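Colleague: Hi, I'm new to this one. Could you walk me through it?
Modeller: Happy to, here it is.

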Amino acid sequence: MPDVADLFRRLTAGVYVIGVAEGERRNAFTAAWLTQVSFDPLLLALSVNPGHASYPLLVGGGGFTVSVLSREQLHLARHFGTRSGREGDKLAGIAWRSGSTGAPILTEAAAFLECRVTRRFPAGDHEIIVARPVGGEILFPGAIPLAYADTGELDGSRELYPPSL
Ligand SMILES: Cc1cc2nc3c(=O)[nH]c(=O)nc-3n(C[C@H](O)[C@H](O)[C@H](O)COP(=O)(O)O)c2cc1C
């Protein structure tokens with residue numbers, strides 16, 4: 001039986017910074033568990049830990065942005081993914097602008113999407129947020145997206161996998 005963490009890391013995923021806002025309160029966090037789930041209507045699903053500082057802003061604001069990180073932006077995955085907005089303003093010192101819903105978009109990201117939440121489903125220790133894209137842009141057409149596998153042990157998740165299946 002292979003190491004379960006190594007096995008699951010063969011499931012390919014990108015690395016994104018999810019921006020959220022409720023009124024004037026904003027935050028952002030790194031996520032790999034984001035995927036398209038429907039063509040018609042066009043839908044995405046994001047799996048989010050309800051314990052994150054971003055979660056009440058995502059639910060309260062009813063939307064989120066997806067900033068697609070490029071291969072050179074591992075530092076941004078670390079910045080938004082290894083500390084909580086409860087510890088301080090993660091957007092300070094970062095180039096960002098407000099999207100149409102108020103949620104932050106990283107202006108140096110490869111591309112971005114703006115999404116409106118349509119449904120939410122409990123999923124174990126996470127929640128699946130189904131959302132409809134309402135805008136987006138390719139900011140740097142030549143940028144190669146960062147892959148989750150390239151982040152190594154950054155999310156510290158290895159200990160969360162069971163020893164075997
Ligand atoms: C590479 C990477 C991928 C991550 N993917 C997710 C994810 O898909 N969903 C999630 O809820 N948290 C994910 N996280 C964890 C959050 O980014 C992290 O816990 C963050 O500090 C939460 O920030 P907040 O409390 O400010 O909202 C990931 C972290 C890293 C480093």
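Modeller: Let's start with the largest pocket: E2 and H3 each supply at least two residues of its lining. Helices (H or I, at least four residues) and strands (E, at least two) are DSSP runs, numbered from the N terminus.

Colleague: Before we go on, what kind of model is this?
Modeller: This is a predicted model, where local features need pLDDT of at least 70 and side-chain atom pairs count only at pLDDT 80 or more, while totals for chains, interfaces and linings use all residues. Residues are numbered from 1 along each chain as its sequence is written, and side-chain values use heavy atoms, with hydrogens and water left out.

Colleague: Thanks! Which element gives the largest share of the pocket lining?
Modeller: That is E2, with four residues.

Colleague: And how many residues line the largest pocket?
Modeller: The lining has 32 residues, and Thr30, His52, His126, Asp155 and Ser157 lie nearest the pocket centre. The volume of the pocket is about 850 Å³.

Colleague: What counts as a pocket here?
Modeller: On a 1 Å grid over the protein atoms alone, a pocket is an open set of points where a 1.4 Å probe fits, with protein on both sides within 12 Å along at least five of seven lines; lining residues have an atom within 4 Å of a point. The volume is the space filled by probe spheres set on the points, which are joined across faces, edges and corners.

Colleague: Where does the ligand sit?
Modeller: In that largest pocket, meaning that more than half of the ligand's atoms lie within 2 Å of the pocket's grid points.

Colleague: Which residues come nearest to the ligand?
Modeller: Thr30, Ser54, Arg83, Ser84 and Gly85, out of 23 residues around the ligand; a residue counts if one of its heavy atoms lies within 4 Å. E2 (25-31), E4 (43-48) and H3 (74-81) each supply at least two residues of that shell.

Colleague: New topic: which peptide bond is cis?
Modeller: The one from Asp40 to Pro41, with omega near 5°. Pro41 is in the loop between strand E3 (34-38) and E4.
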